[in-house]
Amino acid sequence: MIQFKNRNWPLLHILTLLLGISYGVSGQIRQQYMGPMTLGKYHGEADYSYLLMDRDTILDGPFSIKRSNLEALLEKEDFSFNITGVYSKGYPQGSWQFQFGEFQSNSESRVVGYQYRVLISGEQEAAKGALDLGKPDGSWTL
């Protein structure tokens, strides 16, 4: 029979079991992803956090996906986009912003201070508003 000299051993054992059970019940591991992502026809660089719960990925926290290509713009034209917002337990929540643009350049540039500025033409469309559980909430600005 094993005897322990520490009289607090039963208390420590119970505490360890309770901590293990509470960790197993929550089962959430927060991760961060930064890399390529495709949403339908949009391919860009994403940055978001998510939870791993029971082998499922649940978006939770700040989210952004964007794309712009200076090389394509200087050659002919570029299609750019920027989508930013926040997910809460898998649902888009709160303030979101969507920007889509199509730009052309004639490769004309100028130096201002320590920056090159490329002259472009094109159109950019934007929408900003709130989402509640993934559905529009209130008025949006276009």
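This is a predicted model: local features need pLDDT of at least 70, side-chain atom pairs count only at pLDDT 80 or more; totals for chains, interfaces and linings use all residues.
The largest nonpolar core consists of twelve residues: M37, A46, Y48, Y50, L59, F63, I65, F81, I83, Y87, W96 and L131. Strands β2 (42–53), β3 (56–67) and β4 (77–88) each contribute at least two residues to this core. In soluble globular proteins, nonpolar side chains tend to be buried together. Among the core members is A46; leaving aside residues up to four places away in sequence, A46 is in contact with Y33, M34, G35, M37, S64 and I65.

Strand β5 (residues 91–112) and strand β6 (residues 115–132) run antiparallel and are joined by 16 bridges. Within this pairing, S95 lies opposite A130 of β6. The hairpin formed by β5 and β6 has two residues between the strands, and G113 in this hairpin adopts a positive phi near 65 degrees.

Strand β6 is also paired with strand β7 (residues 135–141), again in antiparallel orientation, through four bridges. Here D132 is positioned opposite K135 of β7. The hairpin of β6 and β7 likewise has two residues between the strands, with L133 at a positive phi near 55 degrees.

Residue S80 belongs to strand β4. The relative accessible area of S80 is 14%, and S80 is therefore classed as buried, the cut-off being under 20%. With residues up to four places away in sequence excluded, the contacts of S80 are R67, S68, Q99, F100, G101 and F103.

Conventions:
Residues are numbered from 1 along each chain as its sequence is written. Side-chain values use heavy atoms; hydrogens and water are left out. A nonpolar core is a set of buried Ala, Val, Leu, Ile, Met, Phe, Trp, Tyr and Cys residues joined through side-chain atoms within 4.5 Å. Buried means under 20% relative accessible area, exposed over 50%, partly exposed in between (1.4 Å probe, protein chains only). Contact means heavy atoms within 4.5 Å. Two strands pair if DSSP finds at least two bridges between them.
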